[in-house]
Amino acid sequence: MTGERVAAMVRFGVRGQVGVVGMATIALLAGMGGRANWAIAQMTASPERVSPSVSSIPQIVPFVSQTEQQPAAQGQSNTAKPPKAAPLPDKFPPNPLEITEPDLLIPYDYKDRPLTAQERRGMTAAADRLALRGVAQFQQGNEVAAFVSWNRELRLRRVAGLLAAEVRALGRVGDVAWKTNNLTELRYITLRLDDIWKLTRPSTDASKSDQQQTQTGVSGSAPDRLQLWQELGLAYQLVRLPKSATQVYEELLAEARRRDNTYLLEATLISLGQVQMGWFDYAGATKTYQELLERTQARKDIFNEPIYLNQLAYIAEQAKQPEQAINYQEELINFYQRLNDPSPIPALKVRIADNYRLLKRLDQAEANYQLAYQLAQPQMQFAIAGDALRKLGDLYRDNNRLEAALRTYSFLVLVEQQAYNTYGVMTAYDQLGQLYTQQKQYSQAIAAFQKGLEIARQLKNREDYFVSQIEKLEKGEGSRE
């Protein structure tokens with residue numbers, strides 16, 4: 001290599017600002033002698049002409065700044081703008097219920113062969129231990145670690161193929177996720193429950209039905225499938241999906257009717273009624289419990305009949321249907337009268353009176369309050385008798401029947417004393433004092449408030465109130481004199 005050529009390359013390197021690396025390259029080429037021309041030719045040749053034997057030689061490319069590559073336009077600043085950060089991918093985190101990494105507790109070839117009974121037992125035992133570990137971690141306040149343990153448990157149960165146990169665990173973990181507002185975990189659990197439900201629902205196509213059994217591991221026997229659906233219904237309740245739970249229970253009902261399975265039918269109706277009540281579907285709950293009532297009455301089941309009548313009355317009250325509630329309550333009274341059991345009747349009479357009062361049928365309300373008191377007193381049900389008198393007194397007072405209200409509250413004092421309800425006695429004296437004041441019978445009002453004050457001092461409750469009432473009346477009485 002000639003000195004002129006090397007000098008020219010040095011000058012080119014200086015002008016190009018190749019730096020130390022560039023100068024080192026020039027020096028290397030200078031030392032190569034006659035082979036320099038060949039090396040330069042190989043470095044500057046087009047990609048098509050480069051020899052494969054030289055492809056392993058790393059090419060040293062001098063750094064050229066962005067401002068040198070793109071000169072600034074005339075009148076524009078030559079300051080380089082910082083590159084924009086790449087936007088983060090908008091993706092959900094990986095599903096923790098899917099098996100994406102090897103697990104020492106899961107056979108590596110589980111997809112290629114059926115698991116042995118011993119492997120299933122081992123995975124089930126490991127899943128049980130993980131469930132307990134998650135509970136301990138959660139109780140210690142380590143919520144993240146708890147869900148890691150539970151998710152691993154769910155993966156093991158999924159591979160083990162025992163769907164009823166998996167669904168039961170999904171419901172348990174989903175309940176905790178809902179209570180702790182872990183919406184991501186709840187979403188994946190819900191998706192898994194939906195997948196299991198879709199795969200196990202009955203299909204009219206026989207080929208699809210066989211495919212479902214293969215995919216899910218559920219045998220075609222009815223007990224296995226029905227048990228799984230019962231677990232699914234409960235799991236959907238635990239993750240607060242009433243519509244999905246209702247769909248499962250309706251499918252169970254259809255199967256129970258087809259098989260004429262009375263026990264399964266009534267158990268499913270009870271579960272369905274609880275879901276409907278819990279989510280304020282009063283119309284659906286009424287229909288469900290009405291069917292339960294009819295079935296119990298048909299077989300003369302005196303244990304469950306009053307339970308369903310009470311439930312129907314409660315549903316009607318919650319649905320703001322007092323007239324329908326009265327019908328069920330009257331039917332309950334007839335039931336207890338047939339059994340010669342008068343003890344539940346006074347409380348029922350109070351509820352009937354309350355519903356008549358909502359209907360503005362005050363004469364019926366008054367009659368039932370009075371009857372409730374008359375029936376409760378000889379049975380020594382003093383709390384119910386006091387409740388009936390208190391509500392009757394309020395009814396009289398609201399309708400400006402003050403004399404009747406005074407008599408009622410006077411009886412109430414005696415009843416509350418019989419019930420040893422000291423606070424109730426104090427409240428009754430307060431009501432008497434207010435009524436006497438309203439009738440301008442101030443001396444009687446002061447006497448009633450003074451008796452109330454004595455009890456208030458015993459209870460250390462509302463003392464200031466009674467003192468202020470007495471002082472107000474005494475001042476007013478002095479000014480009137």
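Modeller: R259 and E255 sit 4 residues apart in helix α11 (residues 242-259), which means that about one helical turn separates them. Helices here are DSSP runs (H or I, at least four residues), as are strands (E, at least two), and both are numbered from the N terminus. The R259 and E255 side chains form a salt bridge, with their closest N and O atoms 2.6 Å apart. The term covers a side-chain nitrogen of Lys or Arg within 4 Å of a carboxyl oxygen of Asp or Glu. Side chains of opposite charge can pair when their charged atoms come close.

This is a predicted model: local features need pLDDT of at least 70, side-chain atom pairs count only at pLDDT 80 or more, and totals for chains, interfaces and linings use all residues. Residues are numbered from 1 along each chain as its sequence is written, and side-chain values use heavy atoms, leaving out hydrogens and water.

Buried means under 20% relative accessible area, exposed means over 50%, and partly exposed lies in between (1.4 Å probe, protein chains only). E255 has a relative accessible area of 14%, so E255 is buried. R259 has 43%, so R259 is partly exposed.

Next comes R390 with E416. Their side chains meet in a salt bridge at 2.5 Å, N to O. This pair links distant parts of the chain. R390 counts as partly exposed because its relative accessibility is 30%. E416 is buried, because its relative accessible area is 3%.

How many salt bridges does the structure hold? There are 27. Another of them brings together the side chains of R152 and D103, at 2.7 Å from N to O. It too links distant parts of the chain, the two residues being 49 residues apart. R152 is in helix α6 (residues 143-160), while D103 is in the loop between α4 (66-69) and α5 (117-139). D103 has a relative accessibility of 15%, so D103 counts as buried. R152 is at 24% and therefore partly exposed.

A385 is buried, because its relative accessibility is 0%. It touches Y373, A376, Q377 and V415, leaving aside residues up to four places away in sequence. Contact here means heavy atoms within 4.5 Å. The C-alpha atoms of A385 and A347 are separated by 8.8 Å, with the two residues 38 residues apart along the chain.

Now the backbone. Most residues other than glycine have a negative phi, and most peptide bonds are trans. N400 has a positive phi of about 60°, yet is not a glycine. N400 is placed in the loop between α18 and α19. It counts as exposed because its relative accessibility is 57%. K460 is another non-glycine with a positive phi, about 55°. K460 lies in the loop between α21 (442-459) and α22 (463-480). Its relative accessible area is 69%, so K460 is exposed.
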